[in-house]
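Subject: Structure handover

Hello,

Here is the structure you are taking over. Please open it and keep it beside this email as you read.

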Amino acid sequence: MMNKKTKKQPTSWEPVEKWYQSIVEDEGHYFHRQIILPGVIKLLGKPSSILDLACGSGVLAQHLPADVEYLGIDISPSFIKAAKQKDNNKLHEYLVADVTNPLKLNKQDFTHAALILAAQNLDQPKIAFQNAAKHLIKGAKFIVVINHPCFRIPRQSSWGVDQTKMIQYRRIDRYLSTMKIPIHAHPSKGDLSPATLSFHYPLSSFVQWLFETGFTVELMEEWCSDKESTGKNAKMENRSRSEIPLFLAIRAIKNT
Ligand SMILES: C[S@@+](CC[C@H](N)C(=O)[O-])C[C@H]1O[C@@H](n2cnc3c(N)ncnc32)[C@H](O)[C@@H]1O
């Protein structure tokens with residue numbers, strides 16, 4: 001856990017809003033459409049109301065049944081503006097706020113909460129979990145989707161090829177340490193590129209924070225890419241792609 005006295009890191013995606021919108025657009029990024037949104041919708045079950053923490057431009061809101069009450073919160077005003085512009089559902093609301101501060105919300109009886117592809121952009125995810133707990137009813141479902149922390153660690157994991165066995169393997173250089181890693185939106189532009197901040201936390205940290213904030217982990221799913229390679233390396237690439245998951249989804253239940 002971070003030292004409480006450490007200055008909070010700026011984690012908003014405001015500087016990369018245009019770039020992220022261009023890849024996510026209305027339907028979501030390829031992996032949103034193919035893997036994440038169908039997976040999240042299945043894990044949610046039948047929600048009546050959802051609190052979507054770090055909602056970005058409200059991609060989840062666009063894929064919910066029309067009668068679900070929805071509140072999306074993000075720290076970036078541009079993301080919230082874009083979300084509002086493309087959403088005319090009267091049951092949907094949006095708010096600019098930092099989900100790692102106590103939230104000023106009256107509603108404490110959401111049946112579901114979500115934190116999608118954002119826990120690793122927060123410098124104190126446990127506070128976001130606390131916020132979810134505070135605004136959920138007993139037995140509510142909390143869905144957290146993260147880049148798989150065991151296999152996708154920015155700058156510390158990569159593909160390699162064992163030429164003798166003709167196997168593509170995943171190399172992990174560091175895992176247990178908490179890390180803070182700037183990610184450039186346009187790597188070829190180096191420091192001139194706008195950047196976001198990613199944090200790496202080992203899997204046990206997420207489970208521990210859920211436990212400490214009053215949740216029980218009900219299930220975890222590991223989602224692979226559905227892309228297919230062609231060409232001479234297709235067999236080994238397709239095999240490693242189907243063995244090494246990209247995303248980890250956790251469904252936790254609020255205890256009391
Ligand atoms: C990768 S985007 C994911 C957005 C959305 N959940 C989705 O799946 O498209 C990460 C989001 O986290 C937001 N974010 C980062 N730090 C935040 C904070 N402290 N409070 C609220 N939102 C935050 C960013 O502004 C950005 O919109």
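A residue counts as near a molecule or strand if one of its heavy atoms lies within 4 Å of it. There are 21 residues around the ligand, and T11, A54, D74, D98 and I116 come nearest.

Two notes on the source. This is a predicted model, so local features need pLDDT of at least 70, side-chain atom pairs count only at pLDDT 80 or more, and totals for chains, interfaces and linings use all residues. Residues are numbered from 1 along each chain as its sequence is written, and side-chain values use heavy atoms, with hydrogens and water left out.

The ligand

The shell around the ligand has twelve nonpolar, seven polar and two charged residues. Here Ala, Val, Leu, Ile, Met, Phe, Trp, Tyr, Cys and Pro count as nonpolar, Asp, Glu, Lys and Arg as charged, and the others, Gly among them, as polar.

Next come polar contacts, meaning pairs of N or O atoms within 3.5 Å; within protein, one must be able to donate a hydrogen and the other to accept it, and residues adjacent in sequence count only if both atoms are side-chain atoms. A polar backbone atom of V99 is 2.9 Å from a nitrogen atom of the ligand. For I116, a backbone N or O atom lies 2.9 Å from a ligand nitrogen. For I75, the distance from a polar backbone atom to a ligand nitrogen is 3.2 Å. On its own the ligand has 600 Å² of accessible area, and the protein covers 97% of that. These areas come from the Shrake-Rupley method with a 1.4 Å probe; for residues, only the protein chains shown count as cover.

The aromatic rings

Rings of Phe, Tyr and Trp (its six-membered ring) pair if their centres lie within 6.5 Å; planes under 30 degrees apart are stacked, over 60 edge-to-face, the rest tilted. The count is ten aromatic pairs. Y30 and F31 are edge-to-face, because their ring centres are 5.4 Å apart and their planes stand at 80 degrees. Y201 and F206 also pair edge-to-face, at 5.9 Å and 85 degrees. One aromatic cluster holds F129, F142, F199, Y201, F206, W209 and F215.

Are Y201 and F206 buried or exposed? Both are buried (under 20% relative accessible area; exposed is over 50%, partly exposed in between; 1.4 Å probe, protein chains only). F31 is buried at 17%, and Y30 is partly exposed at 26%.

The cysteines

The structure has zero disulfides (pairs of cysteine sulfur atoms within 2.5 Å). The sulfur of C224 is 13 Å from the closest cysteine sulfur, in C150, so a bond is out of reach.

Best wishes
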